[in-house]
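These exercises ask you to read a structure one residue or element at a time. Keep the sequence and the 3D view open while you work through each solution.

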Amino acid sequence: MRTLRPVASRPALLVVAHGSRDPRHAATVAALCARLRGLRPGLRVEVGHLDFNAPSVPQALTRLHAEGVRRAVALPLLLTRAFHAKADIPAVLGETLARLPRISVRQAAVLGPDRLLTAALERRLREAGLRPGDERSTGVVLASAGSSDPEAIAVIADIAREWRHISGWCAVRPAFASASLPRTADAVRLLRAQGVRRVAVAPYVVAPGFLPDRIAAGAREAGADLLAPVLGDAPELAALMARRYDEALARWSGHESVPVSA
């Protein structure tokens, strides 16, 4: 009979966060990782930042390496597969691993798109005051940080279309805080011009910071009826992180003796 490795020998999970000068960002990421640890008590979860905050990704990997960790999954804390996921994260992982010969790292997929994310958005809208049955009279602005990557922009538009279809909103319009148009305020005004009486803004971002603040300012400027909080430590987000870890682990060569769920 084959013996499974103990849970403690599973690859560690390194959550790769963007980082921000805003202290709320790191605090939110820490709270989200704490929720994930609650879901997976046998899994080591660490955080590395691309910029602004410590530890950096190289510092986090160096510490894991020094403590004897030999495998890790790097999970981008990103909602779309844009430049950071395609270029920045692979580059920093490659440069770091070149000098850490005894640890292997597999990069997991980004978080979105996924139904769990739209469920988290709906949770935040309810917290902001949306009542059961309001969906048919409410238009939603799906407000993301924005990207210069056409693939990422197309994904946000697809999410908006699918979310309207599955949730029954009278309309869902994408908006962006940077790099792309329309801005949040313009999307709110467009919905008003189309006769939507009640407009809610749902920030499609993980943590507070400069761009989420810009989304909020646009919502207030255009007179949105509801402004949801950022996704933050929503339980749906933590569950999705655990799933992305499992998926990466399942693709890992030689994963057969390691359980892929807690």
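The structure is a predicted model.

**Exercise 1.** Decide whether T184 is buried or exposed.

Solution. 
- Step 1: Take the relative accessible area of T184, which is 4%.
- Step 2: Compare this with the cut-off, since buried means under 20% relative accessible area. T184 is therefore buried.
- Step 3: Place T184 in the fold: the residue is found in helix 6.
- Step 4: List what T184 touches. Leaving aside neighbours within four places in sequence, T184 is in contact with V141, A143, A175, F176, V201, I215, G218 and A219.

**Exercise 2.** Describe how helix 6 and helix 7 pack against each other.

Solution. 
- Step 1: Recall what is needed. Two packed helices are described by the angle between their axes and the distance between the axes.
- Step 2: Identify the partners, helix 6 with residues 184–193 and helix 7 with residues 210–221.
- Step 3: Give the two values. The axes come within 7 Å and cross at roughly 35°.
- Step 4: The crossing of helix 6 past helix 7 is right-handed.
- Step 5: Name the residues that form the contact. Helix 6 supplies T184, A185 and R189, and helix 7 supplies I215, G218, A219 and E221.
- Step 6: Sort these residues by type. Three are nonpolar, two are polar and two are charged.

**Exercise 3.** Work out where D22 lies and which residues D22 is in contact with.

Solution. 
- Step 1: Locate D22 in the loop between strand 1 (12–17) and helix 1 (23–39).
- Step 2: Classify D22 by accessibility. The value is 16%, so D22 counts as buried.
- Step 3: Look at the side chain, which makes a polar contact with the side chain of R24 at 2.5 Å.
- Step 4: Look further along the chain. With neighbours within four places in sequence left aside, D22 is in contact with G209 and D213.

**Exercise 4.** Compare the span of helix 8 with the expected value, then find what covers its buried residues.

Solution. 
- Step 1: Count the residues. Helix 8 runs over residues 235–251 and has 17 residues.
- Step 2: Compare the spans. From first C-alpha to last, helix 8 reaches 25 Å, close to the 24 Å expected at 1.5 Å a residue.
- Step 3: Pick out buried residues of helix 8, among them L237, L240, M241, R244 and D246.
- Step 4: Name what covers the buried residues of helix 8. The cover includes strand 1, helix 1, strand 3 (71–76), strand 4 (104–107) and helix 4 (115–127).

**Exercise 5.** Examine the backbone at A179, F52, P55 and P113.

Solution. 
- Step 1: Start with A179, in the loop between strand 6 (171–176) and helix 6. Phi of A179 is near 70°, a positive value in a residue other than glycine.
- Step 2: At 55% relative accessibility, A179 counts as exposed. The C-alpha atoms of A179 and S147 are separated by 5.3 Å, although the two residues are 32 residues apart along the chain.
- Step 3: Turn to F52, in the loop between strand 2 and helix 2. F52 is not a glycine, yet has a positive phi of about 70°. Its relative accessible area is 41%, so F52 is partly exposed.
- Step 4: Check the peptide bonds. The bond from A54 to P55 is cis, with omega near 0°. P55 is found in the loop between strand 2 (45–49) and helix 2 (57–66).
- Step 5: Check P113, in the loop between strand 4 and helix 4. A cis peptide bond joins G112 and P113, with omega about -5°.

Definitions and conventions
Residues numbered from 1 in each chain as written. Predicted model: local features only at pLDDT ≥ 70, side-chain atom pairs only at ≥ 80, totals over all residues. Heavy atoms only, no water. Axes fitted to C-alpha atoms, helices over the stretch in contact; angles between N-to-C directions. Helix = DSSP H or I, 4+ residues; strand = E, 2+ residues; numbered from the N terminus. Left-handed = near helix turned anticlockwise from the far one by under 90°. Contact = heavy atoms within 4.5 Å. Nonpolar A, V, L, I, M, F, W, Y, C, P; charged D, E, K, R; others polar. Buried < 20%, exposed > 50% of the residue type's maximum accessible area, 1.4 Å probe, protein only. Polar contact = N/O pair within 3.5 Å; in protein donor to acceptor, adjacent residues only side chain to side chain. Expected span 1.5 Å × (residues − 1).
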